[in-house]
Amino acid sequence: MAYIFGLSGSLRAESTNTKLLRAAAKEYGGAFVEGSARVPLYDGDLEASEGVPEAVKMLAEQIAGAEAILISTPEYNKGISGVLKNALDWVSRSEGTPWADKPVAIMSATAGRAGGERAQFDLRLCMMPFRTRLIQGPEVLLANSSEQFAEDGTLLGERSQKSLSGLIAALKAEVARG
């Protein structure tokens with residue numbers, strides 16, 4: 001079964017990045033699998049003694065099985081969140097190359113006025129070793145994100161919706177390229 005996979009860089013129950021991720025998945029259509037960055041802190045000694053944790057193996061399998069991937073990140077201290085970086089680091093230690101050649105679209109939702117522009121730059125750097133087919137734009141930079149969603153999770157604002165629709169169209173085109 002073909003599905004789109006989503007990963008939020010925030011663990012918060014009311015995360016605007018998770019809301020943005022779900023809005024993007026709805027825009028994409030079809031089956032959606034939402035992963036979790038809730039994995040143990042990377043520890044080489046833990047890996048050596050117990051192997052890759054089951055939660056990380058599941059995350060890697062979800063990534064490997066997806067036709068396309070969406071990642072939404074907050075911006076913490078001018079970079080991506082620690083939980084997202086940790087999840088990326090752990091998945092890099094899993095069997096095979098789950099990210100290789102996957103179409104990936106990134107976006108960000110933040111309280112700040114830049115909408116996570118620096119976090120997206122940081123995330124692009126973090127994704128380079130994985131050899132994905134990273135979509136270059138349009139950028140979805142959702143500033144003042146706590147005021148950008150309706151109660152039902154619908155993205156508000158014509159400009160934001162237009163950017164999201166454009167990014168999803170670019171992701172679909174990349175999937176169609178094969």
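View 1. Leu-125 lies in helix H5 (residues 117-127); helices (H or I, at least four residues) and strands (E, at least two) are DSSP runs, numbered from the N terminus. The model is predicted, so local features need pLDDT of at least 70 and side-chain atom pairs count only at pLDDT 80 or more, while totals for chains, interfaces and linings use all residues. Residues are numbered from 1 along each chain as its sequence is written, and side-chain values use heavy atoms, with hydrogens and water left out. Together with Phe-121 and Met-128, Leu-125 makes a nonpolar surface patch of about 350 Å². Patches are made of residues with over 30% relative accessible area and no salt bridge, like charges being joined within 9 Å and nonpolar side chains (Val, Leu, Ile, Met, Phe, Trp, Tyr) within 5 Å. Accessible areas come from the Shrake-Rupley method with a 1.4 Å probe, and for residues only the protein chains shown count as cover. Leu-125 counts as partly exposed because its relative accessibility is 43%; buried means under 20% relative accessible area, exposed over 50%, and partly exposed in between (1.4 Å probe, protein chains only).

**View 2. The crossing of helices H3 and H4.** The axes of H3 and H4 come within 9 Å and cross at roughly 80 degrees. H3 is therefore roughly perpendicular to H4. Axes are lines fitted to C-alpha atoms, for helices over the stretch in contact, and angles run from 0 to 180 degrees between N-to-C directions. Angles under 35 degrees count as roughly parallel, over 145 as roughly antiparallel, 65 to 115 as roughly perpendicular and the rest as oblique. From H3, Val-56, Leu-59, Ala-60 and Ile-63 meet Ala-87, Trp-90 and Val-91 of H4, where contact means heavy atoms within 4.5 Å.

**View 3. Helix H4 beside helix H5.** The axes of H4 and H5 come within 11 Å and cross at roughly 10 degrees, and the two helices are therefore roughly parallel to each other. Leu-84, Lys-85 and Leu-88 in H4 meet Leu-123, Cys-126 and Met-127 in H5. The buried residues of H4 are Leu-84, Asn-86, Ala-87, Leu-88, Trp-90 and Val-91. Their cover includes strand E1 (4-8), helix H2 (44-50), H3, strand E3 (68-73) and H5.

**View 4. Gln-62 in helix H3.** Gln-62 is found in helix H3 and counts as buried because its relative accessible area is 16%. Leaving aside neighbours within four places in sequence, Gln-62 is in contact with Tyr-3, Phe-5, Val-33 and Gly-35. The C-alpha atoms of Gln-62 and Lys-102 are separated by 12 Å, and these residues are 40 residues apart along the chain.

View 5. The structure holds nine salt bridges, a salt bridge being a side-chain nitrogen of Lys or Arg within 4 Å of a carboxyl oxygen of Asp or Glu. One of them joins Glu-54 to Lys-57, with the closest N and O atoms 3.3 Å apart. Both residues lie in helix H3 (residues 54-65), three residues apart, about one turn of the helix. Glu-54 counts as exposed at 58% relative accessibility, and Lys-57 as partly exposed at 35%. In helix H4 (residues 82-91), Asp-89 and Lys-85 are four residues apart, so that about one helical turn separates them. Their side chains meet in a salt bridge (2.6 Å, N to O). Asp-89 is partly exposed at 29% relative accessibility, and Lys-85 is partly exposed with a relative accessible area of 33%.

**View 6. A salt bridge between distant parts of the chain.** Arg-133 forms a salt bridge with Glu-174, their closest N and O atoms being 2.6 Å apart. This pair links distant parts of the chain, with Arg-133 in strand E5 (residues 133-134) and Glu-174 in helix H6 (residues 158-177), 41 residues apart. Both Arg-133 and Glu-174 are buried. Salt bridges that share partners join Asp-101, Arg-133, Glu-174 and Arg-177 into one network.

**View 7. Backbone features in the loops.** Gly-137 and Pro-138 are joined by a cis peptide bond, with omega about 5 degrees. Pro-138 is placed in the loop between E5 and strand E6 (141-142). Asn-77, in the loop between E3 and H4, has phi near 50 degrees, a positive value in a residue other than glycine. Asn-77 counts as exposed at 81% relative accessibility.
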